[in-house]
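Here's a quick briefing on one protein model, sorted by topic. Have a look at the fold first, then read on.

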Amino acid sequence: MSVPLYVPAGEGEFVNIRDTKRTYLKLTTPDSDGEFGFFEHHMAPEASGAAPHIHKQSTEMFYVVKGEIEFTIGDRKVVGEPGAFAYVPKGEPHGFTNRGNEDATLLIMFYPIYNREDYFRGLGRLTANGRNPSLEELQEHMAKYDQFMV
């Protein structure tokens, strides 16, 4: 059973991933009984985010807090500035990157969550100390958490 949760700004568990400065795991599977996930994703200037992919079981939503995020949603590319929101139903190809020359902050939400926090933790391990995992390693890791490259 989930209980109310408050996580102050700048606090909570976080994971460092490649050129992404930090991803805060604000609401995780145990917190919400697997119903919803909420992540605060900080990206360095011109940092790659996620290559185009789909989720077969989860809906993903994004909210731009800071910077300029280029979204690929289906065949469209759009640039989201602060206040922009994107809703991506399951099965729809999407990806994102920080195209700006400033840090960017993106809120990422999943419904249902399917242990998405473990996806971020695993990416942190796979890319620790500047390591570049193979495409096969990434695809295997992604598939565990309902993410498939397109």
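Where in the chain is Glu46 placed? Glu46 sits in the loop between strand 3 and strand 4 (48-54); helices (H or I, at least four residues) and strands (E, at least two) are DSSP runs, numbered from the N terminus. Bear in mind that this is a predicted model, where local features need pLDDT of at least 70, side-chain atom pairs count only at pLDDT 80 or more, and totals for chains, interfaces and linings use all residues. Residues are numbered from 1 along each chain as its sequence is written, and side-chain values use heavy atoms, with hydrogens and water left out.

- Most residues other than glycine have a negative phi, and most peptide bonds are trans.
- The Tyr111 to Pro112 peptide bond is cis, with omega near -20°, and Pro112 lies in the loop between strand 10 (104-111) and helix 2 (116-126).

**Aromatic rings**

- The whole structure holds seven aromatic pairs (rings of Phe, Tyr and Trp, using its six-membered ring, pair if their centres lie within 6.5 Å; planes under 30 degrees apart count as stacked, over 60 as edge-to-face and the rest as tilted).
- One of them is the tilted pair of Phe39 and Phe120, 4.9 Å centre to centre with 55° between the planes.
- Phe39 is in strand 3 and Phe120 in helix 2, so this pair ties together parts that are 81 residues apart in sequence.
- Both ends are tucked away: Phe39 is buried at 0% relative accessibility, and Phe120 is buried at 6%.
- Tyr119 and Tyr145 make an edge-to-face pair, 6.3 Å centre to centre with 70° between the planes.
- Tyr119 and Tyr145 are both buried.
- Put together, Phe39, Phe110, Tyr119, Phe120 and Tyr145 form one aromatic cluster.

**Charges over rings**

- Arg116 lies over the face of Phe120, 5.8 Å from the ring centre (a charge sits over a ring if NZ of Lys or CZ of Arg is within 6 Å of the ring centre and within 35 degrees of the ring normal).
- Arg22 does likewise with Phe14, at 3.6 Å from the ring centre.

- Five strands make an open, antiparallel sheet in the order 7-6-9-4-11 (two strands pair if DSSP finds at least two bridges between them).
- Its edges are strand 7 (76-80) and strand 11, each pairing on one side only.
- Inside the sheet, strand 6 (residues 69-73) and strand 9 (residues 94-98) pair antiparallel over five bridges, and Ile69 has Asn98 as its bridge partner.

**Helix 3**

- Leu138, His141 and Met142 are the buried residues of helix 3.
- They fall within an arc of 100° down the axis, so they line one face of the helix (the arc is that of the directions from the helix axis to the C-beta atoms).
- Glu136, Glu140 and Lys144 are exposed on the other side of helix 3.
- The cover over the buried residues of helix 3 includes strand 4, helix 2 and strand 11 (contact means heavy atoms within 4.5 Å).

Key
Buried < 20%, exposed > 50% of the residue type's maximum accessible area, 1.4 Å probe, protein only.
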